[in-house]
2 protein chains.
Amino acid sequence: MENKKENFSEWYNEIITLAELSDKRYPVKGMNVWLPYGWKIMSLIDSIVRKAVDKKNFQEVNFPILIGRSMLEVEFEHIRGFENEIYWVTKGGKENLEEELALRPTSESAMYPMFSLWVRSHADLPLKIYQIVSVYRYETKHTRSFIRIREIHFFEAHTAHATYEDAEAQMDQYKEIWREISSQLCLPYFYDQRPDWDKFPGAKYTIAFDTVLPSGRSLQIGTIHQYGTNFSKNYDIKYLKEDGSFDYVHQTTYGMSERLLAAIIGIHGDDKGLVLPPDVAPIQVIIIPIPGSGVLEYARDVENTLSTINIRVKVDDRENYTPGYKFNDWEMRGVPLRIEVGEREVKNRTLTLSMRNIPGKVTIERSKVIYEVPDALIRIREKMMDDAQKVFRDHVFRASKLEDFTNEGLITAFWCGSKECSDRIESETEKSALGFMVGSNETGKCVVCGKEGRLAVFSKSY
Amino acid sequence: MENKKENFSEWYNEIITLAELSDKRYPVKGMNVWLPYGWKIMSLIDSIVRKAVDKKNFQEVNFPILIGRSMLEVEFEHIRGFENEIYWVTKGGKENLEEELALRPTSESAMYPMFSLWVRSHADLPLKIYQIVSVYRYETKHTRSFIRIREIHFFEAHTAHATYEDAEAQMDQYKEIWREISSQLCLPYFYDQRPDWDKFPGAKYTIAFDTVLPSGRSLQIGTIHQYGTNFSKNYDIKYLKEDGSFDYVHQTTYGMSERLLAAIIGIHGDDKGLVLPPDVAPIQVIIIPIPGSGVLEYARDVENTLSTINIRVKVDDRENYTPGYKFNDWEMRGVPLRIEVGEREVKNRTLTLSMRNIPGKVTIERSKVIYEVPDALIRIREKMMDDAQKVFRDHVFRASKLEDFTNEGLITAFWCGSKECSDRIESETEKSALGFMVGSNETGKCVVCGKEGRLAVFSKSY
């Protein structure tokens, strides 16, 4: 296997193929096939997201994939932001369509004509929906699995509120949701407020969740957007106020994609392969029988016990492979916990545990398996988070002048906020402004022009 | 509400709107928005399907939506069967694409180029995968929610086997899977082998699962197809046999769609609204508090108890609605079981149960709720199945001559198998051959031409 530290890109591509996450040989450019193991991980990520937003009273919907050109053109900045990357359906059967239809690049223009029918009065607000669907971008840049592709597995939440304050409270709730999701996925991040020229087309402002991969490049893994009334005015989404007048709703959105999986692979993996957070591992516990009398029955019995407490567990009973081969194979696939059972374990009524990310082996009593295994999975997750935080911190550098931007990773520095200064930094260091760091009140002189500035984050990004 | 018996079509359309399953006002023709309640029911149907096929070692994948024209044209009959209903993407951004890309109408031509890479030897077989995705048909016929639409929520399983016998055994396994699914959805059906002119384009033969709606028209709710080597020869899917020679794989597929939901609505609903099988009801138990001292706490306590045994339960604590309004509202939405709690129930430590499809009320002890509620849900399901079977039988008529075809429903009759005789029946009765009834060995004289025939099913179909 490639060395992760030295050849991150090659390592990343290789592990995706070895662990059978995705097949890149599909004959249409920029579109990959989700293989069973990869799809299962992604589905588990989706479940975590669903659970987190359902708790906050979001409702799941599913909108059509096709959007008429006239629907898209309602919001000028929005269409302008996407027009170069839209796939257009122009024919049905052998006929030319009367109106060209876009494959959704995102769903504002599909949803908001319906919002304008759904929202009537104060009582209909807040409206909070989401969907998990594919979106499409005719990418002209170099594509990369789960990071930059033409068919994107996408989560998008959309809300409408009576007031701007309610919409701002929603922005805070998004952060709360994200804290919960990111802790299950063991992903460290910064909140950055994107510069105006880099915000979502049509948004009032955009806050991104940025992480960093071992290559030193940042990866945007989520965004939340405050739309204010920018869309509602164009799509005519109004509600009757209690005083009898009408007002436009204030809107927000929250977007994430399979980049969550990219981050999991890139941040947690090692030179043996994937390391999966227990919450998204299709197999959380693999039981490897070391051939011997009574071993297989014992292994199956442990499997049954763990199944009853909803652990995703499997006995690897393949006959033509050695235990050593199996150890490596499941380590490569990132299974968090391995249980070895041989004749000694059968005789002593014990189990030998080996954690994917913690060296050494632990012997436990068979009778305590339903306490010890969930405990071990929690320890694995905590260790993954600690390690990831440490690597993240190692990739964050404070710069007080342009020369300090040479480190590979995220650079924090004071910045006046101007595009000129960001461009200057980019031309000299390839790093550009991700945005002001949200939550920091630090002020100081811009590293480029010396004017008064605030703390910002810079990086070369995916 | 419309009268189901007298105006089935109007009733069907009305209940979809009233119960908020789907919004038909989306601005692109033939494409509807899945609303939260409808989407949740469909997702529960999907879960049942997933569980049933996962048990048989199918693996879930996800293929790209776009298929190059050259990929589609590999199998001549297949493309010919779909070419008039394919949506074509011809532009990316402002550029014309080099090759036109189809929105998948079904995924043979997306999957089989990959199968030819995946299948190498006997050890790779059987290959058994499925996906749940949207497929697209540029329908020119009149569209109808969940029955005939342009964006179809689709389940498709695809297999490859070493021998024809293995593929035939798979066809039998599909029926076993379908028996399990249909019993959870409480759907009666016939297996019909489609006539050659009506089989899936490219298939060797097609067996359909046909049910009948109260309109008397049949609805195809599932199909399984034996492809033999028709596709593998064109897509070059070969495996190395143990004797060192190569052979083409034998393939099968299994398709279902949101027509499962259409059948549930149409078959089980009544003049009060939906009636949902407990396994697909987003809310299985609705608790209605009749205002009084201690009632709400008591209701919430019951809700908690039922949640712990994974019942989907909700207390309707809306303040501005009367209990009577709530009864009607949840009956309309098809909730299988209602629990009423008032001061009397609190005092006596009892609960009053009312089943959606069984008249009368039942009083149970609060302490037995975790036994009584699951029991009631089973009784509801069994009664739904019995009632549906009865209605199904009432819609099946045996015909011995053409004049007997006037009944509204499914007609069984002897048929020689010729298109001429089916066309003759159609021109006189609007009913045509669904196909020979699978599992029947009865033979007799064709009702049209008098030649030797077998038992077949005829209907006017959706």
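Predicted model: local features only at pLDDT ≥ 70, side-chain atom pairs only at ≥ 80, totals over all residues.
**Entry 1: where the chains meet**

I started with the interface. I found 41 residues of chain A in contact with 41 residues of chain B. Next I asked which elements of chain A supply two or more residues to that side. My list reads β2 (33-34), α2 (36-54), β3 (59-60), β4 (66-68), β5 (87-92), β6 (95-103) and α5 (108-118) of chain A. Which of them gives the most? It's β5(A), with 6 residues. I also sorted the chain A side by class and got 25 nonpolar, 8 polar and 8 charged residues.

Then I followed β5(A) across to the other chain. Strand β5 (residues 87-92) of chain B is joined to β5(A) by 5 bridges, and the two run antiparallel. To get my bearings I picked out a facing pair: Y87(A) sits opposite G92(B) in β5(B). A reminder to myself: strands of a sheet pair through backbone hydrogen bonds, either parallel or antiparallel.

**Entry 2: domains of chain A**

I looked up the domain assignment for chain A. It gives domain 1 (8-268), domain 2 (283-378) and domain 3 (398-459). How far apart are the centres of domain 1 and domain 3 of chain A? Taken over C-alpha atoms, they are 28 Å apart. These two domains do touch, with 14 residues of domain 1 of chain A in contact with 14 residues of domain 3 of chain A. On the domain 1 side, β9 (190-193) and β10 (205-212) of chain A are the elements that give two or more residues. That side divides into 7 nonpolar, 3 polar and 4 charged residues.

**Entry 3: two helix pairs in chain B**

I moved to chain B and checked helix α2 (residues 36-54) against helix α6 (residues 164-185). Their axes are 9 Å apart, and the helices pack at an angle of about 150°. Angles over 145 degrees count as roughly antiparallel, so that is how α2(B) and α6(B) lie to each other. The crossing of α2(B) past α6(B) is right-handed. I noted who makes the contact: I45(B), I48(B), V49(B), A52(B) and V53(B) come from α2(B), while I177(B), E180(B), I181(B), Q184(B) and L185(B) come from α6(B). By class that contact has 8 nonpolar, 1 polar and 1 charged residues.

The second pair I checked was helix α9 (residues 295-308) and helix α12 (residues 369-394) of chain B. Their axes come within 10 Å and cross at roughly 70°. That angle makes α9(B) and α12(B) roughly perpendicular to each other. Here too I noted a right-handed crossing, this time of α9(B) and α12(B). V302(B), T305(B) and L306(B) in α9(B) meet V369(B), I370(B) and V373(B) in α12(B).

**Entry 4: a sheet in chain B**

Last, I traced an open sheet of 5 strands in chain B. The order is β16-β15-β17-β18-β19, with mixed pairing. Which strands are at the edges? They are β16 (313-315) and β19 (358-365) of chain B, each pairing on one side only. Ignoring direction, neighbouring strands of this sheet are turned by 25° against each other on average.

Strand β18 (residues 350-355) of chain B pairs with β19(B) in the antiparallel sense over 6 bridges. S354(B) faces K361(B) in β19(B). I also found a helix on the sheet: α10 (residues 323-332) of chain B packs there, touching β15 (285-289) and β17 (337-341) of chain B. The direction of α10(B) makes about 170° with that of β15(B).

Note on methods:
Residues numbered from 1 in each chain as written. Chains lettered and ligands numbered in written order. Contact = placed C-beta atoms within 7 Å. Helix = DSSP H or I, 4+ residues; strand = E, 2+ residues; numbered from the N terminus. Nonpolar A, V, L, I, M, F, W, Y, C, P; charged D, E, K, R; others polar. Pairing = 2+ DSSP bridges. Axes fitted to C-alpha atoms, helices over the stretch in contact; angles between N-to-C directions. Parallel < 35°, antiparallel > 145°, perpendicular 65-115°, else oblique. Left-handed = near helix turned anticlockwise from the far one by under 90°. Domains from an automatic or database assignment.
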